[in-house]
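Biologist: Could you walk me through this model? I would like to start with a loop and then move on to rings and charges.

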Amino acid sequence: MKKKLVKLAFLFALVMGAGAFTNTASAQIYVSVRPVWHPVERPVAPSPRHVWIDEEWEARNGTYVAVGGHWAEPPHPGWIWVSGHWTHEGRGHYWHPGHWRRR
(Lines give C-alpha, C1' and ligand atoms only; values in the text may rest on other atoms or scores of the structure.)
Protein backbone atom coordinates (compact mmCIF):
# COMPACT_ATOMS: atom_id res chain seq x y z
CA MET A 1 0.00 0.00 0.00
CA LYS A 2 2.79 2.43 0.90
CA LYS A 3 4.53 1.80 -2.45
CA LYS A 4 1.30 2.56 -4.30
CA LEU A 5 0.89 5.85 -2.41
CA VAL A 6 4.48 6.83 -3.18
CA LYS A 7 3.99 6.02 -6.88
CA LEU A 8 0.70 7.92 -6.93
CA ALA A 9 2.30 10.96 -5.27
CA PHE A 10 5.20 10.82 -7.75
CA LEU A 11 2.83 10.65 -10.75
CA PHE A 12 0.76 13.52 -9.36
CA ALA A 13 3.87 15.67 -8.93
CA LEU A 14 5.05 14.77 -12.42
CA VAL A 15 1.72 15.69 -14.02
CA MET A 16 1.46 18.95 -12.08
CA GLY A 17 5.02 19.91 -12.99
CA ALA A 18 4.46 19.14 -16.67
CA GLY A 19 1.27 21.19 -16.67
CA ALA A 20 2.97 24.18 -15.10
CA PHE A 21 5.81 23.97 -17.62
CA THR A 22 3.57 23.82 -20.67
CA ASN A 23 1.40 26.71 -19.47
CA THR A 24 4.43 28.93 -18.88
CA ALA A 25 6.21 27.92 -22.07
CA SER A 26 3.21 28.56 -24.31
CA ALA A 27 2.19 31.90 -22.82
CA GLN A 28 2.31 34.69 -25.40
CA ILE A 29 1.21 38.26 -24.97
CA TYR A 30 -0.38 40.00 -27.94
CA VAL A 31 -0.98 43.75 -28.12
CA SER A 32 -3.08 45.62 -30.65
CA VAL A 33 -0.68 48.58 -30.73
CA ARG A 34 3.05 48.08 -30.38
CA PRO A 35 4.57 50.15 -27.59
CA VAL A 36 6.75 53.06 -28.63
CA TRP A 37 10.47 52.77 -28.00
CA HIS A 38 12.12 55.86 -26.59
CA PRO A 39 15.81 55.67 -27.53
CA VAL A 40 18.23 55.78 -24.64
CA GLU A 41 21.42 57.81 -24.86
CA ARG A 42 24.28 55.36 -25.22
CA PRO A 43 26.89 55.89 -22.49
CA VAL A 44 30.51 54.89 -22.90
CA ALA A 45 31.05 51.12 -22.96
CA PRO A 46 32.37 49.68 -19.67
CA SER A 47 34.89 47.61 -21.65
CA PRO A 48 35.69 46.61 -25.24
CA ARG A 49 33.99 43.25 -24.58
CA HIS A 50 30.57 44.80 -23.91
CA VAL A 51 27.83 44.92 -26.56
CA TRP A 52 25.11 47.57 -26.75
CA ILE A 53 21.59 46.12 -26.50
CA ASP A 54 19.10 48.61 -27.89
CA GLU A 55 15.33 48.17 -28.19
CA GLU A 56 14.26 45.15 -26.14
CA TRP A 57 10.93 44.38 -24.50
CA GLU A 58 9.87 42.15 -21.62
CA ALA A 59 6.36 40.86 -20.98
CA ARG A 60 5.14 41.92 -17.53
CA ASN A 61 1.58 41.81 -16.17
CA GLY A 62 -0.04 41.43 -19.59
CA THR A 63 1.88 44.21 -21.34
CA TYR A 64 5.37 44.96 -22.63
CA VAL A 65 7.93 47.03 -20.74
CA ALA A 66 11.06 48.52 -22.35
CA VAL A 67 14.24 46.98 -20.93
CA GLY A 68 16.71 47.79 -23.70
CA GLY A 69 19.32 50.49 -23.83
CA HIS A 70 22.14 48.92 -21.86
CA TRP A 71 25.58 47.39 -22.20
CA ALA A 72 25.98 43.65 -21.66
CA GLU A 73 28.92 41.31 -21.78
CA PRO A 74 28.49 38.18 -23.93
CA PRO A 75 28.08 34.97 -21.93
CA HIS A 76 30.96 33.40 -23.87
CA PRO A 77 33.85 34.84 -25.91
CA GLY A 78 32.93 35.35 -29.56
CA TRP A 79 29.15 35.31 -29.06
CA ILE A 80 27.03 38.02 -30.69
CA TRP A 81 23.71 39.63 -29.78
CA VAL A 82 20.80 38.97 -32.15
CA SER A 83 18.26 41.77 -31.73
CA GLY A 84 14.64 41.00 -30.97
CA HIS A 85 11.83 41.93 -33.33
CA TRP A 86 8.07 42.40 -33.50
CA THR A 87 5.79 40.02 -35.40
CA HIS A 88 2.19 40.68 -36.36
CA GLU A 89 -0.47 37.97 -36.50
CA GLY A 90 -4.25 38.04 -36.54
CA ARG A 91 -4.35 38.37 -32.75
CA GLY A 92 -1.98 41.35 -32.75
CA HIS A 93 1.71 42.11 -32.32
CA TYR A 94 4.10 40.11 -30.17
CA TRP A 95 7.78 40.40 -29.34
CA HIS A 96 10.47 37.85 -30.18
CA PRO A 97 13.17 38.54 -27.58
CA GLY A 98 16.76 39.10 -28.56
CA HIS A 99 19.30 36.45 -27.65
CA TRP A 100 22.97 35.56 -27.66
CA ARG A 101 24.33 33.10 -30.23
CA ARG A 102 27.66 31.80 -31.42
CA ARG A 103 29.23 33.78 -34.21
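Modeller: N61 counts as exposed, at 84% relative accessibility, where exposed means over 50% relative accessible area, buried under 20% and partly exposed in between, with a 1.4 Å probe and protein chains only. This is a predicted model, in which local features need pLDDT of at least 70 and side-chain atom pairs count only at pLDDT 80 or more, while totals for chains, interfaces and linings use all residues. Residues are numbered from 1 along each chain as its sequence is written, and side-chain values use heavy atoms, with hydrogens and water left out.

Biologist: Where is N61 found, and what is its phi?

Modeller: N61 is in the loop between β2 (57-60) and β3, the strands being DSSP runs of E with at least two residues and the helices runs of H or I with at least four, numbered from the N terminus. Its phi is positive, about 50°, although N61 is not a glycine.

Biologist: On to the rings: how many aromatic pairs are there?

Modeller: The count comes to seven aromatic pairs, taking rings of Phe, Tyr and Trp (its six-membered ring) with centres within 6.5 Å, and calling planes under 30 degrees apart stacked, over 60 edge-to-face and the rest tilted. One of them is Y64 with W86, which is edge-to-face because the ring centres are 5.1 Å apart and the planes stand at 80°. Y64 lies in strand β3 (residues 63-66) and W86 in strand β6 (residues 85-89), so this pair ties together parts that are 22 residues apart in sequence.

Biologist: Are Y64 and W86 buried or exposed?

Modeller: Y64 counts as buried at 9% relative accessibility, and W86 counts as buried at 13%.

Biologist: What is the bridge partner of W86 in β7?

Modeller: That partner is W95. Five bridges join β6 to β7, which run antiparallel, and strands pair if DSSP finds at least two bridges between them. The two strands form a hairpin with two residues between them.

Biologist: And charges, how many salt bridges does the search find?

Modeller: The search of the whole structure finds three salt bridges, each requiring a side-chain nitrogen of Lys or Arg within 4 Å of a carboxyl oxygen of Asp or Glu. Among them, R49 and E73 meet at 2.6 Å, N to O. R49 is exposed, with a relative accessible area of 51%, whereas E73 is partly exposed, at 38%.
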